Amino acid sequence: GFAIGAAAGTVCGVATGASGGLRRLLDPSIQALRSVPSLAWVPLFILWLGIFETSKLALIAMGVFFPVYLGVLSAIQDVDRKLVEVGRVFGLSPTGIAIRITGPAVIPAWFAALRSGLGLGFMFVVAAELMGASEGLGYLLVDGQQMGRADSILVAMIVFALLGKLCDGILIAISRPILRWQDTVRARL
């Protein structure tokens with residue numbers, strides 16, 4: 001679910017960020033869909049995709065999509081216009097500008113958006129497991145609440161925290177060599 005949502009968010013963010021026409025066409029609808037609460041999607045996904053794994057993956061992917069889309073779109077829109085003009089003066093083609101100017105400007109924000117999407121992805125795991133799961137951490141949370149077992153709830157929360165931190169650490173480790181060119185305070189720590 002995370003991979004699907006991250007890929008779709010990246011592609012849509014790049015497309016709408018690079019094209020003003022696509023942005024005017026698609027962005028208002030995407031922003032409207034982003035405003036729908038996550039639990040409101042549960043009955044629709046169950047109706048369309050059934051109660052099994054496909055609906056859960058779709059819900060998680062949708063939860064990851066929005067922060068990644070917004071991060072990429074914002075990063076592209078925030079590329080310094082003067083840098084693009086300098087690239088044109090030096091004879092860079094639109095592809096060259098995308099590779100040498102826009103890409104490096106967008107990648108740090110993309111990793112931040114992936115980290116945000118990852119956090120929301122874990123939240124959507126719980127929502128997905130409300131769809132009739134009989135196992136998993138979300139099920140353990142719901143079962144603990146129904147049975148009045150605070151210990152089950154706390155164990156599930158701790159495991160979610162540990163898994164979230166582990167996955168976030170993996171994303172940070174992947175980003176370090178890619179972003180080693182940055183001359184920022186974070187890069188020096």
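Predicted model: local features only at pLDDT ≥ 70, side-chain atom pairs only at ≥ 80, totals over all residues.
A crossing of two helices is left-handed if the near helix is turned anticlockwise from the far one by less than a right angle, and right-handed if it is turned clockwise. Residues are numbered from 1 along each chain as its sequence is written, and side-chain values use heavy atoms, with hydrogens and water left out.

Start with the overall picture. The protein has 9 helices and 0 strands. Helices (H or I, at least four residues) and strands (E, at least two) are DSSP runs, numbered from the N terminus. Read along the sequence, the pattern is α-α-α-α-α-α-α-α-α. The C-alpha trace spans about 70 × 40 × 20 Å along its principal axes. The protein has 189 residues, and 35% of them count as buried. Buried means under 20% relative accessible area, exposed means over 50%, and partly exposed lies in between (1.4 Å probe, protein chains only). Contact means heavy atoms within 4.5 Å. Among contacts between residues at least 6 apart in sequence, 70% join residues at least 24 apart.

Helix α1 covers residues 2–18, and helix α2 covers residues 20–34. These two helices pack at an angle of about 120 degrees, with their axes 5 Å apart. Axes are lines fitted to C-alpha atoms, for helices over the stretch in contact, and angles run from 0 to 180 degrees between N-to-C directions. Angles under 35 degrees count as roughly parallel, over 145 as roughly antiparallel, 65 to 115 as roughly perpendicular and the rest as oblique. α1 and α2 are therefore oblique to each other. On the α1 side, Ala15, Thr16, Gly17 and Ala18 make the contact. On the α2 side, Gly20, Leu22, Arg23 and Leu26 make it.

α1 also packs against α4. Here the angle is about 30 degrees, and the axes are 7 Å apart. α1 and α4 are therefore roughly parallel to each other. α1 passes α4 in a right-handed crossing. Look at Thr10 in α1. Thr10 counts as buried because its relative accessibility is 19%. Leaving aside neighbours within four places in sequence, Thr10 is in contact with Val68, Val72 and Trp110.

Next comes the interior. A nonpolar core is a set of buried Ala, Val, Leu, Ile, Met, Phe, Trp, Tyr and Cys residues joined through side-chain atoms within 4.5 Å. The largest one has 34 residues, of which Leu59, Met62, Val106 and Leu114 touch the most other members. α3 (38–49), α4, α6 (94–129) and α8 (150–178) each supply at least two residues of this core. α4 gives the most, with 12 residues. Met62 is in contact with Trp41, Phe45 and Phe124, leaving aside its neighbours within four places in sequence.

The aromatic rings come next. The structure holds 5 aromatic pairs. Rings of Phe, Tyr and Trp (its six-membered ring) pair if their centres lie within 6.5 Å; planes under 30 degrees apart count as stacked, over 60 as edge-to-face and the rest as tilted. One of the pairs is Phe65 with Tyr69, which is stacked, at 5.6 Å centre to centre and 10 degrees between the planes. Phe65 and Tyr69 are separated by about one helical turn because they are 4 residues apart in helix α4 (residues 53–77). Phe65 and Tyr69 are buried. Phe65, Phe66 and Tyr69 form one aromatic cluster.

Helix α7 (residues 137–147) and α8 pack at an angle of about 155 degrees, with their axes 8 Å apart. α7 and α8 are therefore roughly antiparallel to each other. Their crossing is left-handed. From α7 come Leu137, Gly138, Leu140, Leu141, Gly144 and Gln145. They meet Ser152, Ile153, Ala156, Met157, Val159, Phe160 and Leu163 in α8.

Ile170 lies in α8 and is partly exposed, with a relative accessible area of 45%. Ile170 and Arg115 are 55 residues apart in sequence and 10.0 Å apart in space, C-alpha to C-alpha. Leu179 is found in the loop between α8 and α9 (185–188). At 4% relative accessibility, Leu179 counts as buried. Leu179 and Ile107 are 72 residues apart in sequence and 7.9 Å apart in space, C-alpha to C-alpha.
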